[in-house]
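This report is written for a reader who is meeting the structure for the first time. It looks at charged side chains that pair with one another and at backbone angles that call for a second look.

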Amino acid sequence: MARLATEFWVQAYLAVLRQSDIPAFVTAHGDDTAGAVFVKVNSLDGQARAMQRSYDLDGNRVWVTLADGAEAEVDAALDRQRGFDPDIWIIEVEDRAGRALLDLPGLDG
């Protein structure tokens with residue numbers, strides 16, 4: 001199955017968040033066509049969660065948690081990922097309720 005270029009997926013995701021009045025920012029711009037995507041959800045209380053696109057055992061795209069806890073620890077985990085692969089995308093979502101909307105149809109990547 002063909003996949004969307006990463007840049008198009010990121011722009012579509014940001015549009016979905018804007019429609020729900022959820023602020024989000026690209027904090028690391030990765031490879032436009034095939035960069036890995038990480039979403040950091042900042043609940044604005046010192047806590048955060050970082051998720052990454054991955055595959056399940058059936059080959060379906062899923063979102064898995066990379067790190068969850070103190071924002072500084074989540075940022076450190078994302079920094080380590082950038083050390084492994086400088087072409088990753090990081091999108092920071094700011095929502096007190098912790099919403100990322102990644103469970104909506106079409107956002108599996």
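Predicted model: local features only at pLDDT ≥ 70, side-chain atom pairs only at ≥ 80, totals over all residues.

Glu92 forms a salt bridge with Lys40, and the closest N and O atoms of the two are 3.5 Å apart. This pair links distant parts of the chain, since Lys40 belongs to strand β2 and Glu92 to strand β5 (residues 89-94), 52 residues apart.

Lys40 is itself buried, with a relative accessibility of 3%. Lys40 also forms a salt bridge with Glu71, where the closest N and O atoms are 2.8 Å apart. Because Glu71 lies in helix α2 (residues 71-84) while Lys40 lies in strand β2 (residues 37-42), this pair ties together parts of the chain that are 31 residues apart in sequence. Glu71 is partly exposed, at a relative accessible area of 22%.

A further salt bridge joins the side chains of Arg99 and Asp95, with a distance of 2.9 Å from N to O. In this pair, Arg99 is partly exposed, with a relative accessible area of 37%, whereas Asp95 is buried, with a relative accessible area of 8%. Elsewhere, salt bridges that share partners join Lys40, Glu71, Asp75 and Glu92 into one network.

Most residues other than glycine have a negative phi. Which values of phi, then, belong to Asp21 and Leu44? Asp21 has a positive phi of about 55°, although it is not a glycine, and Leu44, likewise not a glycine, has a positive phi of about 65°.

Both residues are found in loops. Asp21 lies in the loop between α1 (6-19) and β1 (24-28), and with a relative accessibility of 68% Asp21 counts as exposed. Leu44 has its place in the loop between β2 and β3 (47-55), and Leu44 is partly exposed, with a relative accessible area of 38%.

Note on methods. Residues numbered from 1 in each chain as written. Heavy atoms only, no water. Salt bridge = Lys/Arg side-chain N within 4 Å of Asp/Glu carboxyl O. Helix = DSSP H or I, 4+ residues; strand = E, 2+ residues; numbered from the N terminus. Buried < 20%, exposed > 50% of the residue type's maximum accessible area, 1.4 Å probe, protein only.
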